[in-house]
Amino acid sequence: MTVHSVDLRTTGQFPALLLDYLDQKPSLTDFYGTFPSVENAADIIKQRSDFSFEKRQTLVKVLEEQYAGQPYLPDFSILLDEKTFTVTTGHQLNIFTGPLYIIYKIVTIINLAKELKETYPEYNFVPVYWMASEDHDFAEIASFHLYGQTHKWEGEHKGAVGRLNPKELKSILKLLPDRPLLFAKAYLENETLSDAVRCYMHELFGKEGLICIDADNADLKRHFLPVIKEELTTFTSAEIVNNTTAKLSSLGYHTPLNAREINLFYLVDNLRERIVKEDNLYRVLNTDLVFTEEEIIELADEHPEYFSPNVVLRPLYEEIILPNLAYIGGPSEVPYWLQLKGVFDHYKVTFPMLIPRNFAMYITGQQRKKVEKLEISYEDLFLDEVTLRRKFVETHSTNVLDLNDEKAAFYALFETILDKATAIDKSMTGAVKAEETRIRHSFEHLEKRLKKAEERNHESEIDQLLTLKYKLFPGKSSQERYDNFLNFYLNDPTFISKLLAAFKPLDFRYNVLVEEKS
């Protein structure tokens with residue numbers, strides 16, 4: 001497999017805030033801490049050396065409990081070492097791993113940990129997958145696309161998705177080709193979706209050192225308790241984020257994150273609902289639960305696990321309980337983290353190196369042959385359909401498809417006509433200009449007809465080109481955001497190994513992975 005790198009800006013798929021951040025635009029320096037590079041990692045290592053031994057002990061204890069029963073357990077004791085740090089990515093618990101890019105996230109952090117170890121051999125670096133087990137958006141995790149079909153987990157489900165029963169996925173397993181044993185074991189032998197995801201991620205990446213953490217845990221939440229209490233009583237984070245958002249907006253950036261007055265959910269059993277303050281009382285939406293300030297603070301002291309951070313506070317929670325150096329996120333995640341720097345500063349928590357995950361499009365051997373036959377570039381595949389058609393015809397036509405020479409001659413002629421007409425009567429200017437405009441429009445119309453006619457001459461090739469385009473951008477979405485990794489893994493068990501060999505975590509370009517064999 002070969003790797004063809006494409007500049008992110010040429011793909012037309014990424015927000016300006018992400019692109020300008022990667023270009024280190026000076027106006028954005030206040031919105032992050034250490035810019036990601038192997039060299040700069042030394043600075044963040046120094047800053048994170050204050051991570052307490054008490055937190056390390058809690059982390060190891062929780063991980064040992066969560067991994068009980070898994071084969072070839074990781075050596076969690078390494079996390080007790082003050083010279084051990086983590087690099088982290090996170091995502092929802094999409095069934096059967098969800099879109100391909102989730103696998104890309106995991107590969108990115110594994111390779112980043114390896115690269116840091118090579119540069120700083122005296123330290124240890126552990127890749128961590130933060131399982132978004134507390135998320136309650138069931139619809140976002142409940143389907144995936146395989147071989148052109150959409151498989152969906154049906155039913156009404158409420159509360160934190162990590163607590164759902166994965167055995168309900170038995171009916172989908174029966175429909176899959178070759179009934180992947182990886183997922184059969186994970187979903188049918190575990191009691192919660194969190195445990196199931198940990199099981200198959202451990203099978204896929206455990207030998208690469210990956211650790212999965214479920215932060216829906218009372219012991220971990222206790223370290224987050226001071227933030228929970230302040231959030232309930234002062235609404236500090238909302239004010240900070242809103243101020244940051246206003247600054248970014250004044251610079252012309254769209255920001256994906258909106259902070260609420262209280263950025264916490266109430267989490268218990270199959271319930272995860274927002275906490276709001278009304279008339280000096282705390283209410284849990286869509287329930288009859290009501291608390292005074294004294295009661296809700298007492299509840300937090302007794303049961304911190306009942307309080308679940310939303311997207312504004314989840315990154316802070318992560319950095320409080322992990323000795324983390326870097327967060328690897330997608331094209332929407334990196335921009336919203338940039339809205340949160342002030343919250344980290346307020347709580348005196350180190351802001352991690354913020355790194356976009358590796359982006360990729362996988363070209364099979366047959367597709368590579370089609371690209372070569374059509375004589376197009378890999379960059380061309382990112383063009384929209386209209387632009388792609390036009391460029392293909394213009395590039396491959398042996399005919400002249402513009403009337404530039406003819407237009408130049410006519411426009412010169414009209415200059416002469418205008419001079420003659422105005423010499424006789426200056427009021428003729430409008431009539432001559434109107435006639436010139438009419439003929440300009442005629443030229444444009446004729447050029448369009450010429451190009452359409454030439455498109456018909458290349459109809460077969462254009463059909464092949466668009467078929468390839470639709471295959472690589474199914475449903476007008478990028479391949480990595482639509483296809484499930486089983487589309488590739490079932491036919492090629494070395495697929496993940498190829499990704500590990502191809503991805504460079506600090507190379508901020510789009511990878512076109514080209515299979516050499518057909």
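Two strands are said to pair if DSSP finds at least two bridges between them. Helices (H or I, at least four residues) and strands (E, at least two) are DSSP runs, numbered from the N terminus. With these terms, V3 is found to stand opposite L513 in β15. The structure is a predicted model, in which local features need pLDDT of at least 70, side-chain atom pairs count only at pLDDT 80 or more, and totals for chains, interfaces and linings use all residues. Residues are numbered from 1 along each chain as its sequence is written, and side-chain values use heavy atoms, with hydrogens and water left out.

**The chain as a whole**

- The protein chain contains 23 helices and 15 strands.
- Its C-alpha trace spans about 95 × 55 × 50 Å along the principal axes.
- Of the 518 residues in the protein chain, 53% count as buried, that is, under 20% relative accessible area with a 1.4 Å probe, protein chains only.
- Contacts (heavy atoms within 4.5 Å) between residues at least 6 apart in sequence join residues at least 24 apart in 74% of cases.

**Surface and charge**

- The accessible surface of the protein chain, from the Shrake-Rupley method with a 1.4 Å probe, comes to about 23,800 Å².
- Carbon and sulfur atoms account for 49% of this surface.
- The protein chain has 60 positive and 80 negative charges, whose mean positions are 4 Å apart.
- Lys and Arg count as positive and Asp and Glu as negative, while His and the chain ends are not counted; the place of a charge is NZ of Lys, CZ of Arg, CG of Asp or CD of Glu.

**A sheet of three strands**

- An open sheet has the strand order β1-β15-β14, with mixed pairing.
- β1 (2-6) and β14 (359-363) stand at the edges with a single partner strand each, so one side of each is left without a neighbour in the sheet.
- Neighbouring strands of this sheet are turned by 25° against each other on average, direction ignored.
- In general, strands of a sheet pair through backbone hydrogen bonds, either parallel or antiparallel.
- β1 and β15 (residues 510-514) run antiparallel and are joined by five bridges; T2, for example, has V514 in β15 as its bridge partner.
- β14 pairs with β15 in the parallel sense, also over five bridges, and I363 has V514 in β15 as its bridge partner.

**Burial of β15**

- Five of the five residues of β15 are buried.
- Y510, V512 and V514 lie on one side of β15 and N511 and L513 on the other, and both faces are covered.

Note on methods: Buried < 20%, exposed > 50% of the residue type's maximum accessible area, 1.4 Å probe, protein only. Axes fitted to C-alpha atoms, helices over the stretch in contact; angles between N-to-C directions.
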